[in-house]
Amino acid sequence: MGQVQATTERVYDAAPERVYEALADYQVIRPKLLPAQYSEYEVRVGGTGAGTQVHWKLQATEKRIRDCLLTVSAPRPDQLVEKDANSSMVVTWTVAAAGEGRTRVTVTATWQGATGIGGFFERTFAPKGLNRIHDEVLANLAAEVR
């Protein structure tokens, strides 16, 4: 098994504190950011930042639906890390200043991929699909931090 990684980023005309605050709000803001590939979104514990536990189903492809139960940590003041209890997936959101009044958000998802020919296709195509989904989330975030 090899590790699979998908990374997407976007720059916003907003202060890093405002962007981080929006990303850390799993109760109100996060559900607004999610595109159609997400369903059954539910905050189970907390709702803001570290200690939050959230559930959703992610339809990565027409046939592939992941049942995700994520626990959020904040190992650094500029980072949120979501670890899935149902798989090896870890999603890291990093917020960094990108000039005066601007912010760069980088979202990186990693997981242990399959082996064999299935693993080859997963490593080749899954990151592109997940990047499209995360790009949509980041685009929706722009409307929230204006």
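A: A cavity here is a set of points, on a 1 Å grid over the protein atoms alone, where a 1.4 Å probe fits but cannot get out; lining residues have an atom within 4 Å of a point. The model is predicted, so local features need pLDDT of at least 70 and side-chain atom pairs pLDDT 80 or more, while totals for chains, interfaces and linings use all residues. Residues are numbered from 1 along each chain as its sequence is written, and side-chain values use heavy atoms, without hydrogens or water.

The structure holds 1 cavity of 30 Å³ or more. Of the 14 residues in the lining, Tyr38, Trp56, Glu82, Val91 and His134 lie nearest the centre. Two or more lining residues come from each of strand 3 (53–59), strand 4 (65–73), strand 6 (90–97) and helix 3 (116–144). Helix 3 gives the largest share, 3 residues (helices, H or I, have at least four residues and strands, E, at least two, as DSSP runs numbered from the N terminus). By class, the lining has 11 nonpolar, 1 polar and 2 charged residues (nonpolar: Ala, Val, Leu, Ile, Met, Phe, Trp, Tyr, Cys and Pro; charged: Asp, Glu, Lys and Arg; polar: the others, Gly among them).

Two of the residues nearest the centre, Tyr38 and Trp56, lead on to the aromatic contacts. The structure holds 2 aromatic pairs (rings of Phe, Tyr and Trp, the last by its six-membered ring, with centres within 6.5 Å; planes under 30 degrees apart are stacked, over 60 edge-to-face, the rest tilted). Tyr38 and Trp56 form an edge-to-face pair, 5.3 Å centre to centre with 80 degrees between the planes. This pair links distant parts of the chain, with Tyr38 in strand 2 (residues 38–45) and Trp56 in strand 3, 18 residues apart. Both Tyr38 and Trp56 are buried (under 20% relative accessible area with a 1.4 Å probe, protein chains only; exposed is over 50%, partly exposed in between).

The ring centres of Tyr41 and Trp56 are 6.0 Å apart and their planes at 10 degrees, so this pair is stacked. Tyr41 is also in strand 2, 15 residues from Trp56 in strand 3. Trp56 has a relative accessible area of 7% and is therefore buried, whereas Tyr41, at 23%, counts as partly exposed. Tyr38, Tyr41 and Trp56 form one aromatic cluster.

Terms used
1 Å grid on protein atoms, 1.4 Å probe; cavity = no way out; pocket = protein on both sides within 12 Å on 5 of 7 lines; lining within 4 Å. Points joined across faces, edges and corners; volume = space filled by probe spheres on them.
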